[in-house]
Amino acid sequence: HRRVHGDALQKCEPHSAHHLFTELHQRGQLERVITQNIDGLHQRAGLPPSLVLELHGAMAQIIGDTCQHPQPSWETVIANMEEMPIPRCSECGGFTRPATVLFGEPLGSALQEAVKAVEECDLLVVMGSSLVVAPANTLPERCLEKGVPVVLLNQGDTGLDSLVDVHLSHLPCGQLCRAALLRLAKPTEN
């Protein structure tokens with residue numbers, strides 16, 4: 001089970017949105033990335049892990065299900081499958097699982113960090129989100145209430161479309177990001 005999912009996850013590559021964020025960071029124009037994704041692609045695109053706030057955790061990490069204690073890597077678990085076919089937590093002896101937030105579990109400190117980051121930002125770009133999943137969908141509203149500009153890039157409609165400062169919809173985010181990367185690659189005229 002894990003081997004199939006792990007292999008599929010490892011075959012995924014960062015796309016133009018991930019690379020755009022890396023480019024903006026390298027230019028000193030990006031403070032934080034808040035993501036609901038669990039794939040680690042922002043980090044694989046070159047963003048420092050400390051810059052990426054993964055609201056729903058990370059599939060690449062393992063924790064004890066009961067104690068939440070970090071565990072060895074998936075590679076270690078797979079290498080020890082013959083000795084321990086059902087991986088157990090080294091701390092509490094319970095089962096282990098991916099370090100992701102499961103449905104119904106609280107986001108914990110990640111949400112507080114996200115709220116703090118949003119309250120301190122001077123521009124919020126929301127990309128590829130339906131803005132349906134709570135509580136992450138409340139983050140753009142915090143910016144709007146404070147008068148912070150919000151840019152929304154999304155293929156579908158959301159409840160905030162008419163409220164944000166810039167709304168680009170019905171175009172794939174990848175296409176928009178590729179265009180932005182091309183524009184950033186052009187030398188600026190003085």
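The model is predicted, so local features need pLDDT of at least 70 and side-chain atom pairs count only at pLDDT 80 or more, while totals for chains, interfaces and linings use all residues. Residues are numbered from 1 along each chain as its sequence is written, and side-chain values use heavy atoms, with hydrogens and water left out.

The chain holds seven helices and seven strands. Helices (H or I, at least four residues) and strands (E, at least two) are DSSP runs, numbered from the N terminus. Their order along the sequence is α-α-β-α-β-β-α-β-α-β-α-β-β-α. The C-alpha trace spans about 65 × 35 × 30 Å along its principal axes. Of the 190 residues, 38% are buried. Buried means under 20% relative accessible area, exposed over 50%, and partly exposed in between, with a 1.4 Å probe and protein chains only. Contact means heavy atoms within 4.5 Å. Among contacts between residues at least 6 apart in sequence, 51% join residues at least 24 apart.

Helix α2 covers residues 16–26. Its buried residues are Ser-16, Ala-17, His-18, Leu-20, Phe-21, Thr-22 and Leu-24. An α-helix has 3.6 residues a turn, so residues three or four places apart point the same way. The cover over the buried residues of α2 includes β1 (33–35), α3 (41–44), β5 (124–127) and α7 (173–185). Gly-28 follows α2, with a positive phi near 75°.

The largest nonpolar core has 19 residues. A nonpolar core is a set of buried Ala, Val, Leu, Ile, Met, Phe, Trp, Tyr and Cys residues joined through side-chain atoms within 4.5 Å. Within this core, Leu-55, Leu-124, Val-126, Leu-139, Cys-143 and Val-150 have the most contacts. Two or more residues come from each of α5, β5, α6 and β6 (150–154). The largest share, five residues, belongs to α5. Another core, of ten residues, lies apart from it; Ala-17, Leu-20, Val-33 and Cys-177 are among its members. In soluble globular proteins, nonpolar side chains tend to be buried together. Beyond four places in sequence, Cys-143 touches Val-118, Cys-121, Leu-124, Val-148 and Val-150.

Leu-124 and Val-126 form the covered face, and Val-125 and Met-127 the uncovered one. In a regular strand the side chains alternate between the two faces of the sheet. β5 and β6 run parallel and are joined by four bridges. Two strands pair if DSSP finds at least two bridges between them. Val-125 stands opposite Val-151 in β6.

Leu-55 lies in the loop between β2 (52–54) and β3 (57–64). Leu-55 counts as buried because its relative accessibility is 2%. Leu-181 is in helix α7. With a relative accessible area of 23%, Leu-181 is partly exposed. Not counting residues up to four places away, Leu-181 touches Ser-16, His-19, Leu-20 and Glu-23. Leu-181 and Leu-53 are 128 residues apart in sequence and 23 Å apart, C-alpha to C-alpha.

A pocket is an open set of points where a 1.4 Å probe fits, with protein on both sides within 12 Å along at least five of seven lines; lining residues have an atom within 4 Å of a point. Grid points are joined across faces, edges and corners, and a volume is the space filled by probe spheres set on the points. The largest pocket holds about 1,100 Å³. Its lining has 36 residues, with Arg-32, Val-33, Ile-34, Leu-124 and Val-125 nearest the centre. α5 (109–120) gives the most to this lining, five residues. The lining divides into 20 nonpolar, ten polar and six charged residues. Here Ala, Val, Leu, Ile, Met, Phe, Trp, Tyr, Cys and Pro count as nonpolar, Asp, Glu, Lys and Arg as charged, and the others, Gly among them, as polar.

The second largest pocket has a volume of about 290 Å³. It is lined by 19 residues, and Glu-54, His-56, Gly-57, Ala-99 and Val-101 lie nearest its centre. β3 supplies the largest share of this lining, four residues.

Conventions. On a 1 Å grid over the protein atoms alone, a cavity is a set of points where a 1.4 Å probe fits but cannot get out, and a pocket is an open set with protein on both sides within 12 Å along at least five of seven lines; lining residues have an atom within 4 Å of a point.
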